[in-house]
Amino acid sequence: MADMVEPNYRKVMPLPTSPSNTKTLGELMQVITIIDSDPSKDVTTSASLQGYQHNPQEAWLPITESRNGNTFFAAFHLLCSGIGLQALLLPVAFATLGWAWGIICLSLAFAWQLYTIFILIRLHESVPGIRYSRYMHLAIVSFGPKLGKLLALFPVLYSSGGTCIILIITGGRTLDLIFKTLCDRDAMCHAKSLTNTEWFLVFTCLAILIAQLPNLNSVAWVSLIGAITVVLYSTLIWSLSITKDRPIDISYSQSDKLKSNMEIFSDVLNALGIIALAFKGHNVILEIQGTLPSSPKQTSYKPMCTGVTISYIVIAMCQYPLAIGGFWAYGNKVPYRGGQGLLTAFSQIHGPNTSKLIMTSIYLLVLVNCLCTFQVYTMVVFDNLEVRYTSKKNRPCPRWVRTCLRIFYGGLAFFLSVTFPFLGSLAPLVGGATLPLTFAYPCFMWIAMRKPRPNGLVWFINMGLGCFGIVLTVLIVIAAAWTLADKGLKANFYKP
């Protein structure tokens, strides 16, 4: 939600519209506050402005309830949400593209998505006095109410809610792996493993228990744990992989002799899709920046830029070794199905010869990271649920309502994870539709909001990247659909 600040007025003033805004957009998206003329009476906990005050609804919602964040908190959130198990599939992309093109495509995608991140954090306060703290609202301001919702609603919902469902599936299966690693081949262990559905339920209960933290800023220390665990398990996996003997029949290229031109083209597009999907978290960039304080003299742009710089240096230090080291260690033997790529390859090839302590440690780190990442993405969902209550009742959610909403969402996410346990296999298809959030929409938003000179260099760069991102999205979705139709899908509804 965009929140409006006005200096020292007692009466309601008309809202200014942004250059790309429609006539009624201010009425739809922004509410002006009656400001007390005495700055000392400003006690809003969600703001740190001298003599300024935010839309009061902002102080009631989980994303902007607390604006006491800092650069390090932002970096923790960015690390926790910006890298995950998708990076373990990067060697699969290298198996199709080869060494040179794999590194080139990974580097170009990394630079491209980093560029769009800086666009988003610049647009967060592109209009003086207004903060766009949610991706959906910035899309509506940029493209208009109807087109903005049409373009961004599904990708934003899937990126947040779909990620939570995939985390439940991954976390539940990781719990099962931990149990089997500790108890299998152990004569002293007589315990019986739970079913996958029961493991999903255990993970969901743990995740929703942690999710009772009130707002995104309070989750910062959870995000720190998530950031530490993802760096640790990434480092353990690639370092152990390259120190152990490689498989005898390893190959660094796919056999194209029996493949048609369509199959080869589809494999290349799927590889590009894997690289693109390794970069996630754009749908929470504005929300993370919304937790930072801002004032007319010191906006949130600089501390957010520092947080992005710190976090993405670490992300690069994780992703490149995973891609290059993993491909060197296993070649084309890294499995695509299951979504855990390099972790699955390491478990199958070197797991039997690796100590139980190390394997259990890796699985525990993956589990903890899933629990922590769940908190960042689910906070966006909680915010969307609570905004409807606060808009209707014109007051903050009572504690019991907030708890009930979060338990309800946990139950819904658990039900969907049991219903669609194969959702990870659909990630290239469904997740392909979310690629514009990362690679295309921010470029178009910059043109709509900042209105650079038509046919100028800035306009040309953003229009070119935006259009190329849309074309790439369409091709990746078509290739993923063709691959599913050709190879089939094991749709095990209600059978995780």
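**View 1. Asn-369 is a buried residue of helix 12 in this predicted model.** Asn-369 has a relative accessible area of 3%, and buried means under 20%, exposed over 50% and partly exposed in between (1.4 Å probe, protein chains only). Asn-369 sits in helix 12, which spans residues 356–393. Helices (H or I, at least four residues) and strands (E, at least two) are DSSP runs, numbered from the N terminus. Asn-369 touches Gly-226, Thr-229, Val-230 and Tyr-233, leaving aside residues up to four places away in sequence. Contact here means heavy atoms within 4.5 Å.

Residues are numbered from 1 along each chain as its sequence is written. This is a predicted model, in which local features need pLDDT of at least 70, side-chain atom pairs count only at pLDDT 80 or more, and totals for chains, interfaces and linings use all residues; side-chain values use heavy atoms, with hydrogens and water left out.

**View 2. The side chain of His-282 reaches a backbone oxygen.** His-282 lies in the loop between helix 8 (261–277) and helix 9 (285–289). His-282 is buried, at a relative accessible area of 1%. Its side chain comes to 3.2 Å from the backbone oxygen of Gln-113. A polar contact is a pair of N or O atoms within 3.5 Å; within protein, one must be able to donate a hydrogen and the other to accept it, and residues adjacent in sequence count only if both atoms are side-chain atoms. Not counting residues up to four places away in sequence, His-282 also touches Thr-116, Ile-117, Leu-120 and Tyr-135, among others. Leu-437 and Thr-438 are included in that set of contacts.

**View 3. Glu-58, Arg-67, Arg-134 and Asp-383 form a salt-bridge network.** A salt bridge is a side-chain nitrogen of Lys or Arg within 4 Å of a carboxyl oxygen of Asp or Glu. Side chains of opposite charge can pair when their charged atoms come close. Glu-58 and Arg-67 meet at 3.2 Å, N to O. Glu-58 is buried, with a relative accessible area of 0%. Arg-67 is buried too, at 1%. Arg-134 and Asp-383 pair at 2.7 Å, N to O. Arg-134 lies in the loop between strand 2 (130–132) and helix 4 (135–143), and Asp-383 in helix 12, so this pair ties together parts that are 249 residues apart in sequence. Arg-134 counts as buried at 5% relative accessibility, and Asp-383 at 2%.

**View 4. Asp-249 and Lys-333 join two loops through a salt bridge.** The N-to-O distance is 3.2 Å. Asp-249 lies in the loop between helix 7 (220–243) and helix 8, and Lys-333 in the loop between helix 10 (301–330) and helix 11 (341–349), so the pair ties together parts that are 84 residues apart in sequence. Asp-249 is exposed, with a relative accessible area of 55%. Lys-333 is partly exposed, at 32%. The model has 8 salt bridges by this rule.

View 5. A disulfide is a pair of cysteine sulfur atoms within 2.5 Å, and the count comes to 0. Cys-105 counts as buried, at 18% relative accessibility.

**View 6. Helix 8 gives the largest share of the lining of the largest cavity.** A search of the whole structure finds 1 cavity of 30 Å³ or more. About 30 Å³ of space lies inside. On a 1 Å grid over the protein atoms alone, a cavity is a set of points where a 1.4 Å probe fits but cannot get out; lining residues have an atom within 4 Å of a point. Grid points are joined across faces, edges and corners, and a volume is the space filled by probe spheres set on the points. Helix 8 supplies 4 residues of the lining. Lining residues include Asn-270, Gly-273, Tyr-336, Pro-428 and Ile-476.

**View 7. Asn-394 and Lys-451 have positive phi values.** Most residues other than glycine have a negative phi. Phi is near 55 degrees at Asn-394, in the loop between helix 12 and helix 13 (399–419). Asn-394 counts as exposed, at 59% relative accessibility. Phi is near 50 degrees at Lys-451, in the loop between helix 16 (441–450) and helix 17 (457–487). Lys-451 counts as partly exposed, at 48%.

Methods
1 Å grid on protein atoms, 1.4 Å probe; cavity = no way out; pocket = protein on both sides within 12 Å on 5 of 7 lines; lining within 4 Å.
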